[in-house]
Amino acid sequence: HRNGFMAEPGGRMLIVGLNPGGEVFDVLKGHEGSFWRPDVSYDCSKLLFSFQPKGEKSFHLYEVNTDGTDLKQLTFGDYDDLDPVYTPDGKITFCSSRQHSYVRCMPMTHSFAVSRCDADGKNIYVISANGEPEYLPSMLEDGRVIFTRWEYTDKALWRVQSLWTMNPDGTNQVEHYGSGGYWPNSLFYAKPLPGQSSKFVAIVTGHHGVAREGELVLFDPSKGRQETTGVIQRIPGRDNPPANVTVDQLVDNSWPKFLFPYPLDDQRFLVSCRMKPSDPWGLYLVDTFDNMVCLRLEEGYHLLEPTALIPTDEPT
């Protein structure tokens with residue numbers, strides 16, 4: 001599903017206001033294709049994203065001004081380049097199929113590895129030594145990269161997609177949460193809570209079944225890094241303390257479902273959400289007090305991968 005040869009065109013990259021019914025700006029109007037996960041520059045002037053133009057077979061990295069001008073293609077070739085994020089040293093960290101490895105149980109599927117390039121797309125190199133798939137790098141406030149690593153070799157294929165960290169140059173790769181444990185099966189879309197040191201938010205989900213959609217959970221690895229020891233709270237679930245979160249809990253029948261959390265602070269989150277299986281994915285604002293506000297639904301589309309268009313401080 002993350003390979004260019006399986007992608008379907010027809011998506012849009014939109015800038016929308018948070019007021020329901022507000023104005024919508026189609027950033028790349030007239031450019032038909034498939035999109036993955038935009039990132040916003042620290043000064044809020046540019047968008048960095050993966051895009052596969054209609055008729056091409058691979059995803060490449062692109063950059064554009066937030067007003068839709070000065071579109072630039074940064075990477076080229078037959079490889080898929082996904083999930084780019086700006087790093088504070090002026091580089092770009094992303095996941096790429098350039099390591100020439102494949103998923104063991106699905107050999108037509110590329111095994112993506114965390115990679116790095118200059119701001120103009122030049123000097124690409126793979127910075128991970130892992131032969132299994134890696135996903136969704138994000139920046140921690142201390143300057144490290146956090147990402148999901150699939151530890152498949154010599155292990156069962158489930159309960160092995162945990163969080164790791166590394167320096168932006170690929171050094172000091174260490175397990176961050178969940179490695180070798182029985183819960184969660186998988187952790188995706190991890191992002192730090194602003195100003196909260198070690199705390200982060202992530203989607204807890206399975207390997208098969210519902211795949212990446214799942215429960216919205218807050219963690220603090222300083223309290224523990226195995227099973228539920230580092231769980232702070234599930235959203236919604238303020239009245240369900242971490243002690244009641246069990247390692248055998250499955251997410252298939254747990255509703256609402258969440259994807260792509262974006263912390264605005266340590267209590268409020270933009271997120272893609274659907275309340276029941278027949279619902280489209282909508283843009284929601286949720287918080288740690290179990291408030292859930294639907295900000296936008298778009299008829300005929302799912303609204304995915306929300307990113308706040310606000311300036312942010314560079315990690316130090």
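1. Throughout this note, buried means under 20% relative accessible area and exposed over 50%, with partly exposed in between, as computed with a 1.4 Å probe on protein chains only. This is a predicted model, in which local features need pLDDT of at least 70 and side-chain atom pairs count only at pLDDT 80 or more, while totals for chains, interfaces and linings use all residues. Residues are numbered from 1 along each chain as its sequence is written, and side-chain values use heavy atoms, with hydrogens and water left out.

2. On the overall fold, the chain has 22 strands and zero helices, where helices (H or I, at least four residues) and strands (E, at least two) are DSSP runs numbered from the N terminus. The chain is as compact as a globular protein of its length, because its radius of gyration of 18 Å is close to the 20 Å that the globule rule gives for 316 residues; that radius is taken over C-alpha atoms, and the rule is 2.2 Å times the number of residues to the power 0.38. The C-alpha trace spans about 50 × 50 × 40 Å along its principal axes, and buried residues make up 54% of the 316 residues. With contact meaning heavy atoms within 4.5 Å, 43% of the contacts between residues at least 6 apart in sequence join residues at least 24 apart.

3. Which residues lie nearest the centre of the largest pocket? They are Phe-260, His-302, Leu-303, Leu-304 and Glu-305, out of a lining of 43 residues. A pocket here is an open set of points on a 1 Å grid over the protein atoms alone, where a 1.4 Å probe fits, with protein on both sides within 12 Å along at least five of seven lines, and lining residues have an atom within 4 Å of a point. The volume of the largest pocket is about 1,400 Å³, a volume being the space filled by probe spheres set on the points. Its lining divides into 30 nonpolar, seven polar and six charged residues, and the largest share, six residues, comes from β3.

4. The second largest pocket has a volume of about 730 Å³ and a lining of 31 residues, with Met-139, Lys-191, Pro-192, Tyr-262 and Thr-312 nearest its centre. The strands β3, β7 (81–86), β11 (134–139), β15 (186–192) and β19 each supply at least two residues of this lining, which divides into 21 nonpolar, three polar and seven charged residues.

5. Some backbone geometry deserves a look, given that most residues other than glycine have a negative phi, and most peptide bonds are trans. A cis peptide bond joins Ile-235 and Pro-236, with omega about -15 degrees, and the bond from Trp-255 to Pro-256 is also cis, with omega near 5 degrees. Pro-236 lies in the loop between β18 (231–235) and β19, and Pro-256 is found in the loop between β18 and β19.

6. His-100 has a phi of about 60 degrees, is found in the loop between β8 (92–96) and β9 (113–117), and is exposed, with a relative accessible area of 55%. Tyr-189 has a phi near 60 degrees and sits in strand β15, where it is buried, with a relative accessible area of 8%.

7. Finally, Pro-168 lies in the loop between β13 (161–166) and β14 (174–177) and counts as buried at 15% relative accessibility. Not counting residues up to four places away in sequence, Pro-168 touches Asp-89, Arg-116, Ile-127, Met-139, Gly-143 and Val-145.

Notes:
Nonpolar A, V, L, I, M, F, W, Y, C, P; charged D, E, K, R; others polar.
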